[in-house]
Amino acid sequence: MSEQQPESVVRAWRDVVATARRSAADGLVVGTSGNVSARVGDLVLVTPSGVPYDRLGPGDAVGVDLAGRPVLGELKPTSELPLHLAVYGETGAAAVVHTHAVHATAVSTLVTEVPLVHYAAALLGGPVRTAAYARYGTPELADAMLAALRGRTGCLLANHGTVTYGATLDQAYERTAQLEWLCRLWLTASALPGRTPSLLSEAQLAEVTEALKGYGQPG
Ligand SMILES: [Zn+2]
């Protein structure tokens with residue numbers, strides 16, 4: 001890259017790399033699976049395909065426009081770019097995190113909606129749905145994901161993983177961590193033979209959503 005990048009782009013790329021490394025360090029992804037992106041105006045910075053996150057430096061920024069055309073960097077963007085672009089196209093998201101987190105992916109093979117075992121589902125906008133299976137990188141998967149995301153800030157992808165978005169990378173990441181935790185909780189509670197976990201009602205969850213509006217920082 002010969003051109004000087006704006007400070008906002010430099011900072012966003014640093015945050016993309018830091019978030020990708022965190023997802024690996026926290027065990028939400030293995031190797032180079034999963035990917036992270038952030039939007040700066042009409043530019044989407046995204047982790048490249050197949051490069052270990054600890055090898056990514058400040059000079060490796062990969063950027064595409066909102067149609068997916070390469071506009072920055074030499075490396076090839078992640079093959080799951082259509083997922084990221086679909087989220088930016090349909091929501092006001094500034095960041096997207098996609099992982100193959102093990103508990104969430106396990107749950108994606110079992111249910112079409114994560115059972116309401118905990119009010120943490122309110123952090124994702126309500127009961128988390130599972131998008132129908134389609135091959136990675138396809139428009140079909142992006143469409144299935146958008147349907148599952150309606151009114152939510154995260155979903156599962158059947159037999160594949162998770163997608164969450166947010167106003168910041170930290171928020172998108174936090175939602176992924178909460179979703180993985182929620183799925184782990186349900187699997188744990190479901191593991192006792194002959195016992196079925198009790199669930200919250202939609203009304204109880206709505207009550208939490210209302211209460212959360214006055215809690216912590218907005219967004
Ligand atoms: Zn994936």
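Reader: Hi! What do the buried residues of α1 pack against?

Author: They pack against β1, β2 (43-46), β5 and α5. Buried here means that 20 or more other C-beta atoms lie within 10 Å of a residue's own, exposed means 12 or fewer, and partly exposed is in between, with C-beta atoms placed from the backbone. Helices (H or I, at least four residues) and strands (E, at least two) are DSSP runs, numbered from the N terminus. Bear in mind that this is a predicted model, where local features need pLDDT of at least 70, side-chain atom pairs count only at pLDDT 80 or more, and totals for chains, interfaces and linings use all residues. Residues are numbered from 1 along each chain as its sequence is written.

Reader: Thanks! Which residues of α1 are buried?

Author: A12, W13, V16, V17, T19, A20 and S23. Seen down the axis of α1, these buried residues fall within an arc of 160 degrees, taken from the directions from the helix axis to the C-beta atoms, so they line one face of the helix. On the other side of α1, E7 and A25 are exposed.

Reader: Nice. What is V16 in contact with?

Author: Leaving aside neighbours within four places in sequence, V16 is in contact (C-beta atoms, placed from the backbone, within 7 Å) with V36, S37, A38, L45, T47 and L169. V16 is also among the residues with the most contacts inside the largest nonpolar core, along with L45, M145 and L156.

Reader: How many residues does that core have?

Author: The largest nonpolar core has 58 residues. Helix α5 (residues 169-190) gives the most to this core, with seven residues. A nonpolar core is a set of buried Ala, Val, Leu, Ile, Met, Phe, Trp, Tyr and Cys residues joined through C-beta atoms within 7 Å.

Reader: Switching to β5: is that strand enclosed or open?

Author: Strand β5 (residues 95-99) is largely enclosed by the rest of the structure, because five of its five residues are buried. A95, V97 and T99 point one way, while V96 and H98 point the other way. In a regular strand the side chains alternate between the two faces of the sheet.

Reader: And which strands does β5 pair with?

Author: β5 pairs with strand β1 (residues 35-40) in the antiparallel sense over four bridges, and five bridges join β5 to strand β8 (residues 161-166), also antiparallel. Pairing takes at least two DSSP bridges between two strands.

Reader: Where does H98 sit in all this?

Author: H98 stands opposite N35, and the bridge partner of H98 in β8 is V163.

How values were computed: Two residues are in contact if their C-beta atoms, placed from the backbone, lie within 7 Å.
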